Amino acid sequence: MTACIADFGLARIYNFDISRSDILGQVGTRRYMSPEMLEGATEFTPTAFKAMDVYSMALVMWEVISRTRVSFDDKVPEYEAPYNHLGFNPPVGSMRSHVV
C-alpha cells in the first residue's frame, strides 16, 4: 500500500474572462485552514504560507498519530477528521468560531 498526501484546495478551472487578481483569495480545505487564514488576517508572503502549512501539517500528523498503535495491546480508534463534529464540509464561519 502507498500513502499519499495531497491538497487540491488551490486547483481551479481556468477561465479566460477572469483576471488573475480575481483568482487569488481565500483558498484551501477549510478543515485544514490556519486561524490567521480563517480570519483573513494574513499577508500572502512565502513566510506566511510556510506558517499556514505548518498548521495544516500538524493536523495531518494528529490524524496519523491518533491512529497509530504503540504496543500490541493498543486499540486504534475509528478515523476521525479534524473538527469532524462540524460536519462534512463546514462553512468558514463555523470553522472560524471553533478554531480562532
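Select Met52 and show its surroundings. Met52 touches Ser34, Glu36, Met37 and Thr42, leaving aside residues up to four places away in sequence; contact means heavy atoms within 4.5 Å. This is a predicted model, in which local features need pLDDT of at least 70, side-chain atom pairs count only at pLDDT 80 or more, and totals for chains, interfaces and linings use all residues. Residues are numbered from 1 along each chain as its sequence is written, and side-chain values use heavy atoms, with hydrogens and water left out.

Next, select the largest nonpolar core. Its 9 residues are Met33, Met37, Leu38, Ala48, Met52, Leu86, Val92, Met95 and Val99. Such a core is a set of buried (under 20% relative accessible area, 1.4 Å probe, protein chains only) Ala, Val, Leu, Ile, Met, Phe, Trp, Tyr and Cys residues joined through side-chain atoms within 4.5 Å. Colour α2 (35-39), α3 and α4 (92-99): each supplies at least two core residues. The largest share, 3 residues, comes from α4.

Move to Glu63, in helix α3 (residues 46-65). Helices are DSSP runs of H or I, at least four residues, numbered from the N terminus. Glu63 is buried yet has no salt bridge (a side-chain nitrogen of Lys or Arg within 4 Å of a carboxyl oxygen of Asp or Glu). Arg31, the nearest side chain of opposite charge, is 7.3 Å away. Lys and Arg count as positive, Asp and Glu as negative; His and the chain ends are not counted.

Zoom out to finish. The protein chain has 4 helices and 0 strands. Of its 100 residues, 22% count as buried.

Notes
Buried < 20%, exposed > 50% of the residue type's maximum accessible area, 1.4 Å probe, protein only.
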